Amino acid sequence: MQGLFCSNARAQVIDTSSKKLTTDTVKRHHLKEVSIRAARLSLRNTSATPVQILKGTDLEKLNSLSVADAIRFFSGVQIKDYGGIGGLKTVNVRSLGTNHVAVFYDGVEFGNAQNGQVDLGKFSLDNIEEIDLYNAQKSTIFQPAKGFAAGASLYLMSKQPNFEAGSRTNGKLSFKTGSFGLVNPSFLWQYKLSDNVYSSISTELTHANGRYRFRTTNGVTGYDTTAIRHNGDIDAQRVEAGLYGKLKDSSAWTVKGYLYHSDRGLPGPTVNNNFDSKQRQKEKDVFIQSSYNKKFSESYSLMLSAKYSDDHTQYFDPTITTTRGLLENKYDEHELYLSSANKLHISSFWNAALSVDYQRNTLDATQNDSTVYRFVRPTRNTVLTALATEVLFKRFNAQASLLGTFVNDQVDTLQAAGKKTKFTPAVLLSWQPFDNPDFRLRSFYKSIFRLPSFNDLYYTFIGNSLLRPEYTKQYDVGFTYNKTFQQHTLIYFAIQTDAYYNQVTDKIVAIPGMNLARWTMYNLGKVHIRGLEINSQATWQLPGELFINTGISYTYQKAIDVTDPTDTFYGQQIPYTPLNSGSVLVGAEWRKFTFNYSYIYVASRYDSKYNSPENYLRPWYTHDINFSYTTNYNKHKIKLTGELNNVFSQENYIALNFPMPQINYRFTISSTF
């Protein structure tokens with residue numbers, strides 16, 4: 001589904017048929033801007049892998065504060081949310097596991113070698129222009145080797161400078177406030193240094209107390225207690241600065257600096273009428289990344305990327321006393337990343353590419369400013385090489401790639417995981433069976449794995465340096481259909497459907513030992529996943545300048561454990577995976593006013609691999625609405641938005657014993673200049 005709302009689709013229709021519209025109508029819908037978006041949209045329709053896109057005004061129409069909130073509307077996605085604004089949020093795509101999802105920010109992966117998971121709650125939408133979710137990988141061979149190295153990829157694109165003729169500056173001020181003590185100002189400023197060099201700076205502050213009411217049960221008599229969620233507060237600051245250059249020889253370069261700092265409470269599970277927690281976490285993430293693209297000739301193109309990051313995490317638990325005082329762990333992770341992607345245009349229908357990436361990760365840890373017992377200070381050197389080729393015909397495209405992964409782990413003491421070498425292939429197909437380009441078939445096969453994280457391998461009392469990588473095999477077949485109509489009330493319709501089958505082997509699982517402080521990591525699990533995804537969108541143009549945009553997504557997913565036929569849970573649904581889920585989006589636009597309604601439904605699940613009544617989690621759903629009004633004042637575009645989330649205060653637990661907020665609100669005022 002190429003964007004869950006249809007403003008882009010509507011723009012394509014208006015642009016295509018503009019000769020039949022009045023001049024006033026053309027001006028009212030800003031055809032010059034949206035026609036570019038429509039062109040990008042049409043390119044995505046030929047993708048051989050399923051892709052779901054939210055961009056521009058589509059993102060603004062959702063009641064979303066962070067990236068994690070926005071991607072809830074994608075099909076095949078499960079979000080693990082541990083409560084409120086300050087709670088950690090991770091994503092799982094098609095039940096492959098969080099560690100199989102790579103997150104890219106402006107084309108470079110946002111990694112975490114420590115535990116392999118990225119907290120999506122820290123990515124605000126204020127500086128995000130587009131979110132793309134690809135199953136398997138991007139349907140292009142010209143990309144870094146990292147792009148071939150995950151089971152699913154989430155691409156986040158920040159807002160790029162775009163200046164009107166005669167203007168040297170762009171800017172936006174925004175202020176959000178609402179439930180849970182939210183105070184969230186943000187500022188974006190873009191400046192044109194010269195005809196070929198642009199700058200951008202984005203900064204944001206977030207404060208919230210995170211307190212909200214919830215009801216809990218004793219498991220016997222039903223809901224019997226109303227309490228206040230505590231320790232979900234957050235204070236966070238984000239600063240981004242970038243330079244963008246375009247040279248006369250058709251090359252382009254970017255340099256971006258990023259700083260994120262947060263101090264948050266970690267809301268604990270609500271177990272046995274214990275509703276309070278005191279654990280705290282501080283984070284300081286800093287990185288600088290750059291990229292360079294140049295087309296040397298019609299036959300050869302080059303893409304270079306580099307990044308250095310320094311991530312510091314501090315965890316404090318005043319309920320645990322050690323011989324050195326109250327428990328305070330500090331982790332420092334450093335990453336160096338270099339990439340070179342090369343594309344060769346062999347003939348009018350044949351391209352080939354070779355990408356080579358190098359990455360070095362180190363991790364250090366202290367406890368109460370002293371060395372952690374038996375912590376091994378791991379260093380991981382990774383080289384990825386991807387050889388890919390594609391053939392492009394009028395009605396048929398095919399891609400094939402082979403990824404080579406070469407890893408060498410080194411540690412101070414004990415046994416390291418050592419060297420690992422793996423080769424994994426992928427094949428992607430896209431076919432237009434009829435003369436009409438509106439309908440297209442696609443299919444892909446991909447074999448991939450995820451390396452054990454530093455915590456899996458080396459964490460004190462838990463790690464197992466002999467762990468094997470966790471393998472997945474993905475099979476997918478589907479189709480896309482989109483149609484524009486002229487002189488009709490229905491002016492655009494699109495549908496995307498995919499059936500898939502995934503196999504996960506050597507799944508890494510943790511088994512508790514004599515107590516919860518000593519766990520053992522094993523390669524034990526096998527999971528088979530069968531699913532169906534349907535995404536549809538439509539746009540209607542009604543009398544009186546009224547446009548209605550709709551989007552519907554549905555996911556059926558049967559993900560069963562097939563590790564051991566003698567297990568009582570053999571063939572049962574894996575934890576936290578609903579059999580059915582979906583969303584509905586409806587938006588109305590009339591002159592300066594917009595109204596949007598969204599509905600998310602997640603069917604019943606189980607919190608354990610044994611699907612017994614005591615492990616049953618009820619279905620949950622939310623209804624969200626928002627209104628906005630946009631006007632111009634003294635050359636400034638002013639926008640006012642009011643949001644009401646979980647309108648009917650439905651009780652929901654995305655993760656067991658971590659209750660989510662009931663009805664809540666948010667107000668936003670923004671001004672562009």
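This is a predicted model: local features need pLDDT of at least 70, side-chain atom pairs count only at pLDDT 80 or more; totals for chains, interfaces and linings use all residues.
**View A. Q487, in the loop between β24 (470-484) and β25 (490-512).** Q487 isn't a glycine, yet its phi is positive, at about 60 degrees. As for the surface, Q487 has a relative accessible area of 67%, so it counts as exposed, the cut-off for that label being over 50%.

**View B. R377, another non-glycine with a positive phi.** Here the loop to find is the one between β19 (370-371) and β20 (379-392), which is where R377 sits. The phi of R377 comes out at about 50 degrees. R377 has 31% relative accessibility and is therefore classed as partly exposed; that class covers whatever falls between buried, under 20%, and exposed, over 50%.

**View C. N115 and its contacts from elsewhere in the chain.** Look for N115 in the loop that runs between β5 (108-109) and β6 (128-135). Which residues does N115 touch, leaving aside those up to four places away in sequence? They are N99, S453 and N455. Because its relative accessibility is 31%, N115 goes down as partly exposed.

**View D. N115 again, this time with F454.** This close-up is about a pair of C-alpha atoms. Along the chain, N115 and F454 are 339 residues apart, but in the model their C-alpha atoms are separated by 6.4 Å.

How values were computed:
Residues are numbered from 1 along each chain as its sequence is written. Side-chain values use heavy atoms; hydrogens and water are left out. Helices (H or I, at least four residues) and strands (E, at least two) are DSSP runs, numbered from the N terminus. Buried means under 20% relative accessible area, exposed over 50%, partly exposed in between (1.4 Å probe, protein chains only). Contact means heavy atoms within 4.5 Å.
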